[in-house]
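Subject: Structure for your files

Hello,

Here is the structure I promised to pass on. My notes on it follow below.

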Amino acid sequence: MRDELVRCQKVVLSACMKVRHTVPTVAMQVLAGSPPWDLQCLIRRTKYKIRRGLALDDLDLITDDGSGVRSLLAKCNEEVMNKWQEAWDSSEKGKVTYELAPDVRILQKWTKWMNVRWLVCYILGKGVILKDVLYVPELTSNLFSVTSILSKGYKMDADYNHWKFIKNGDIEEDVFMRLPEGFNTPGKKKGETPWACIVVTDKRYDAVRLANISTSHFVCAHVSGPHGTFYVASLYCQFSDPIEPYMLMVTRACRAIGNKHLLVAADLNAISPLWNDHSNDIDYRGNVVEDTATLLDLAFANKSNELPTFRRGRKTIDATLISQSWEECVCEWTVLDDCVTSDHRAIRIVIRSEKRATTVREPRFCIRRANWAKYRRISSEANLIHIEAINKNEVDELVTTLTTTVCDAANRSIPKKKTRIKSVPWWNQVLTMKKRRSHRARKIWQREQDPARKQELGVAYRQCLREYTKGIHEAKRQSWWRFVVDTCNENPYGLVYKMFNNKMTPDKAISCIRTEEGHSMDWKRTMTGILDGLLGKLPEDSPERVMTYTYQPSGMEWSQRQVTRAVTSIKSGKAPGLDGIEAEMLKKLVNTPAMDFLTGIFNAGRKMGYFPDQWKNANLKILLKGEDKDETQTKSYRPICLLPIMSKVLEKLINWSLGQVLLEPVYASSRQYGYRINRSTEDAIVDVLDAIDEKEDKMVMALLFDVTGAFDNLLWSRTLGVLRRRQCPDDLYRIMESYLCNQRVTVTDAYEKLERPLIQGLSEGFHSWPFALESVRGRASGGN
């Protein structure tokens, strides 16, 4: 009987994998991840007895040790893998395949394989004919062949991720195997309606969507926050579709993630005693899910004695799969009845974890609730006395003193913005009464023992639930109607107009990035890839530039009136820098000792030609350029630099002072309309139309072009050369030279940060755009 089953399995595997008839069955079983059919029959027999509570005998895989059903099923799965491994180790056939894949659990360790067809690409090269390997020539035109790999000394490392070239015992070369996906995952078309999603409501957590393994029915994300980092996935399996493609999505995610913590919230539309304790029945879809979970070392977090997750039919077709290494941390899995009104009940999962000690990203100040009188009084009592700085270190100390004083006054008079979720505006007292009535009816129905009476109470409970659900829908509709009417009457082009014209979108998690090594799988690698793509990779040797220019002070200073004008010109509501100081906070310091102190710092920096380093560290924000952009490409993102407000004020003063140099009639171009007083784009259009009217020709051709990355690749030496040629004052030249040195950007999530020095270019957020524009224009037009 065993030999008959093996022969039948060989026919099936040969047809599915398109292999030669000389390939041994044991090799195909390992490469396809399919245990021998005799073991599969034995495990199904044993599982059937375990689920039905029947006694186990000597012919079964394991013996009954008195543990629970889940424990016995897990032991049964492990015993099958052990027996399969013993048979594979002792087999005399498939030696070449055994050298490449000695472990039958290879599918669990290889993080790049998708299904059986990738393995064909991995093993063979075109035209290679070996006895115990697979052969699909149309998939293997550009890959290594087994013959060349083994003859040249390539071996696989312990993690099954790379080929390493070994010669005389030393690794000389590391070759990364790039495997084609070979499987067209359903539901991955761009613009397809999403059926699954992950929503992060706590701003202390950041998420990175893994676009390379996400589809319309399966979404996976890397989440980092106060309780560490982990992966979360949401899966919806449509009942009308086969279950196998959806399980392949989970398999693919587990391969990419590896042995990290993973939680999968799945609507399986499948039944099994492992997650449905209301019945011992199991269907075909449940069997497939069980086998997939066993292969991937995933455990079911569903708890017994809970409400069915599906209201109709009293069934639990939703399951929570979790990594076995994380299983002990699940301290609560509860089905909630009153949270949602859909057919599926909500599930609350509580996972025990150690909390991180520090927080990198602090919440912003709530300006609307500020006590400005107290703020001005505290800042005035700080006794800020300006001391004449004689070197750069003393300037940095003065900057630190002023920043500390302002932040201390703000902490004592301005509350921080809270991250809690606001209550819904449509809730009312009537809904509260209906909710209590529905909850009370459900409790009475569940406690009733008499079947006839329980059926009557069930009808009454469902009636209360329908009234409660209908009341919620009506309250939402009325609340939305009132909101639209009031908002549109106040401003027809306000919030409602922006929402319906796609001019206002909710916060969206950043996507993973495609790099040379593959796709990034966490926040740190994603941000590193984006920074490398947008700002350029750092050179191995980047020596600091030494300023050799002979400096002669000009004696010019900025007056307090000029500083006050620059402070008040900053727009309110702008995002602060890393110090957290808002524009409104600096404006309230006008006509206080703090403004005199700030003026002294600016003049000290100008006198010695020094731009404080603390004001050159920008908080970097990454924004997607458009919904139609490829989220996995770094060029689809736009970097926004949020500098400290004091830095913006100093940049404004420098730009105003440089205006006399840049806009000198001898040097300024008559064709420049940007950043010019009394000039705008309308003037440019008028001049173009006038030039067209003056021509007697019937046809006029215009050449319009845009320079890609003009400011991103701007050479600082070029910009400084423009200043030298235009006889810039010495103090302004030196402070601009200091401004372009040691610029840094910092990107943070809730509990991590990355810093990167800028070696060229200017990102959006730096206020020296007129100066940069003039240098670029001069290079493009030859200075005229």
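I will start with N269, which counts as buried because its relative accessibility is 14%, below the 20% limit. This residue sits in the loop between β7 (262-267) and α10. Its phi is positive, near 55°, although N269 is not a glycine. Most residues other than glycine have a negative phi. Please keep in mind throughout that this is a predicted model.

N591 is another non-glycine residue with a positive phi, about 65°. It is found in the loop between α18 (583-587) and α19 (593-608). Is N591 buried or exposed? At 67% relative accessibility, N591 is exposed. Q727, which follows α22, also has a positive phi, near 55°.

Overall make-up

The protein chain has 784 residues, and 45% of them are buried. It contains 24 helices and 18 strands. Of the contacts with a separation of 6 or more, 64% are between residues 24 or more positions apart.

Nonpolar cores

The largest nonpolar core is made of 124 residues. Which residues have the most contacts inside this core? They are L235, L268 and M585. Leaving out residues up to four places away in sequence, M585 touches F365, I367, W372, Y375, V406, A410, I414 and G580. There is also a second, separate core of 15 residues, with Y205, A221, A301 and L307 among them. In soluble globular proteins, nonpolar side chains tend to be buried together.

Helices α22 and α23

Helix α22 covers residues 716-725, and its buried residues are W716, T719, L720, G721, V722 and L723. Helix α23 is mostly covered, with 10 of its 10 residues buried.

L740 belongs to the loop between α23 (730-739) and β17 (744-748). With a relative accessible area of 2%, L740 is buried, since the limit is 20%. L740 and W716 are 24 residues apart in sequence, while their C-alpha atoms are 7.0 Å apart in space. W716 is one of the buried residues of α22.

Salt bridges

How many salt bridges does a search of the whole structure find? The search finds 25.

The side chains of D291 and R44 form one of them, at 3.7 Å from N to O.

K49 and D57 form a salt bridge in which the closest N and O atoms are 3.0 Å apart. Here K49 is buried, with a relative accessible area of 13%, whereas D57 is partly exposed at 31% relative accessibility. The pair also belongs to a network of salt bridges that links R45, K49, D57 and D60.

E332 and R348 meet through their side chains in a salt bridge of 3.0 Å, N to O. This pair links distant parts of the chain, with E332 in strand β10 (residues 330-336) and R348 in strand β11 (residues 346-351), 16 residues apart. E332 is partly exposed, with a relative accessible area of 24%, and R348 is partly exposed as well, at 40%.

Cavities

A search of the whole structure finds 2 cavities of 30 Å³ or more. The second largest cavity holds about 40 Å³ of space. Which residues line the second largest cavity? The lining consists of W275, D277, H278, N302, K303, E306, L307, T309, T316, W333 and V335. By class, these are 4 nonpolar, 4 polar and 3 charged residues. L307, one of the lining residues, is also part of the second, separate core.

Regards

How values were computed
Residues are numbered from 1 along each chain as its sequence is written. This is a predicted model: local features need pLDDT of at least 70, side-chain atom pairs count only at pLDDT 80 or more; totals for chains, interfaces and linings use all residues. Side-chain values use heavy atoms; hydrogens and water are left out. On a 1 Å grid over the protein atoms alone, a cavity is a set of points where a 1.4 Å probe fits but cannot get out, and a pocket is an open set with protein on both sides within 12 Å along at least five of seven lines; lining residues have an atom within 4 Å of a point. Grid points are joined across faces, edges and corners, and a volume is the space filled by probe spheres set on the points. Ala, Val, Leu, Ile, Met, Phe, Trp, Tyr, Cys and Pro count as nonpolar, Asp, Glu, Lys and Arg as charged, and the others, Gly among them, as polar. A salt bridge is a side-chain nitrogen of Lys or Arg within 4 Å of a carboxyl oxygen of Asp or Glu. Buried means under 20% relative accessible area, exposed over 50%, partly exposed in between (1.4 Å probe, protein chains only). Helices (H or I, at least four residues) and strands (E, at least two) are DSSP runs, numbered from the N terminus. A nonpolar core is a set of buried Ala, Val, Leu, Ile, Met, Phe, Trp, Tyr and Cys residues joined through side-chain atoms within 4.5 Å. Contact means heavy atoms within 4.5 Å.
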